[in-house]
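Student: I am new to this structure. Could you show me how to read its features?

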Amino acid sequence: MIKYVFLFIAFTFVANGQFEKKSFMGVDGKALPYQILYPKDYKPGKKYPLLVVLHGAGERGDDNEAQMKYGKNVFLDSLNRINFPAIVIFPQCPKDSYWSSVKINRSTVPTSFIFDYSAPINWPLQAVIDLVKSIKHDKNRTYIMGLSMGGMGTMEAVSRNPKMFAAASPICGGADLTYVAQYAKRVPLWVHHGDVDIVVPVRHSRELVKAIQDQGVDVKYSEYPGVNHNSWDNAFKQPDLLSWIFSHRK
C-alpha cells in the first residue's frame, strides 16, 4: 500500500513540472539540501540521465531555495523537458563551506584562487557525489555543470571521480591542473568564461583548456567578449548546451 501511495505522489509532482525540495544525509551526519526535477511523464523503474548543477558562492545557505537563482528555467522549459528527459539536481552548499578545495585571497584584484585537490574534499562536494550514487539513473549518462564556485566544484568532482561523469560544463570556474591527465581523454568538457571577468580571472579557464589540449584532446571553449563574471547568462542561452551535454555517454 505504501508503495502505491509513493508512486501516486511522484506522478502528481511530475505532472506539476516543478522542482521538489529534499535533503540528503551524508555519511558524516551533515544534511545537504537539494532540489530535484524528474522527467516529464516520469516512469519509476526506467533509468534516466542525471545532471547536477552547482551554484555559485552567492547562493550558499540552508534555505534550499537560493541555489535555484540561475539556470532552473532552462530545465523547466517545456520543450527542453520533452527533448531532454532527465533527472536534474540543484544541491545547496552551506555558507561556511565551499564546493571546491581552494585557497582564496580576496585582497587582490582580481581575486586570487589557488586550487589544491591534495587537500581533503570538502564535505558538501562529497555529499553531492554520494547523492548522485544513491539515485537510480543511467550511470552511463551522469553529467555535471556549475557556475563560478560551482564551476570550480564541477572540475574538482570530475578530477576526483573521472569515471563517474560522461560530460561536464564548468562556467567561469577553475581547476587544479595537476589532475588533468586523469580525465582529459575520458570526460568531454565545454568550458565557458567571460573575457573581462574581474571576480574569477579568465586565465583559469584558458589554462584549463590549454592543459587539456596538451593531452592531445579537443575541448569545447566559449569565451564571451566584454562579459564580466555573469558568463552563466551567456552559457545558459547557448542553443545547443543541453543537446551537447546529453549527447555524451560513457
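Tutor: Start with Q215, which sits in the loop between helix 7 and strand 10. Helices (H or I, at least four residues) and strands (E, at least two) are DSSP runs, numbered from the N terminus. Residues are numbered from 1 along each chain as its sequence is written. This is a predicted model: local features need pLDDT of at least 70, side-chain atom pairs count only at pLDDT 80 or more, while totals for chains, interfaces and linings use all residues, and side-chain values use heavy atoms, leaving out hydrogens and water.

Student: Is Q215 buried, exposed or partly exposed, and which residues does Q215 touch?

Tutor: Buried means under 20% relative accessible area, exposed over 50%, partly exposed in between (1.4 Å probe, protein chains only). Q215 has 32% relative accessibility, so Q215 counts as partly exposed. Contact means heavy atoms within 4.5 Å. Not counting residues up to four places away in sequence, Q215 touches V180, A181, A184 and K185. Take A184: it is 31 residues from Q215 along the chain, yet their C-alpha atoms are separated by 6.8 Å.

Student: How confident is the model?

Tutor: The protein chain averages 93, and 93% of the residues score at least 70. Residues 1-15 stay under 50. The model has 15 contacts for that stretch beyond four places in sequence. Where pLDDT is low, the predicted coordinates should not be read in detail.

Student: Which residues of helix 7 are buried?

Tutor: An α-helix has 3.6 residues a turn, so residues three or four places apart point the same way. In helix 7 (residues 203-213), the buried ones are H204, S205, L208, V209, A211 and I212. Seen down the helix axis, they fall within an arc of 160°, so they line one face of helix 7. The arc is that of the directions from the helix axis to the C-beta atoms.

Student: What covers the buried residues of helix 7?

Tutor: The cover includes strand 6 (112-115), helix 5 (149-160), helix 6 (180-183), strand 9 (190-194) and strand 10 (220-224).

Student: How many cavities of 30 Å³ or more does the structure hold?

Tutor: On a 1 Å grid over the protein atoms alone, a cavity is a set of points where a 1.4 Å probe fits but cannot get out; lining residues have an atom within 4 Å of a point. Grid points are joined across faces, edges and corners, and a volume is the space filled by probe spheres set on the points. The structure holds 1 such cavity of 30 Å³ or more. The largest cavity has a volume of about 100 Å³.

Student: What lines the largest cavity?

Tutor: The lining has 13 residues, with F75, N80, R81, F84 and V88 nearest the centre. Helix 3 (78-83) and helix 9 (241-246) each supply at least two lining residues.

Student: Where is F75, and is F75 buried or exposed?

Tutor: F75 is in helix 2 (residues 72-76). With 5% relative accessibility, F75 counts as buried. Beyond its neighbours within four places in sequence, its contacts include R81, V88 and L242.

Student: Which loop holds W99?

Tutor: W99 is in the loop between strand 4 (87-91) and strand 5 (102-105). At 0% relative accessibility, W99 is buried.

How values were computed. 1 Å grid on protein atoms, 1.4 Å probe; cavity = no way out; pocket = protein on both sides within 12 Å on 5 of 7 lines; lining within 4 Å. pLDDT = per-residue confidence, 0-100.
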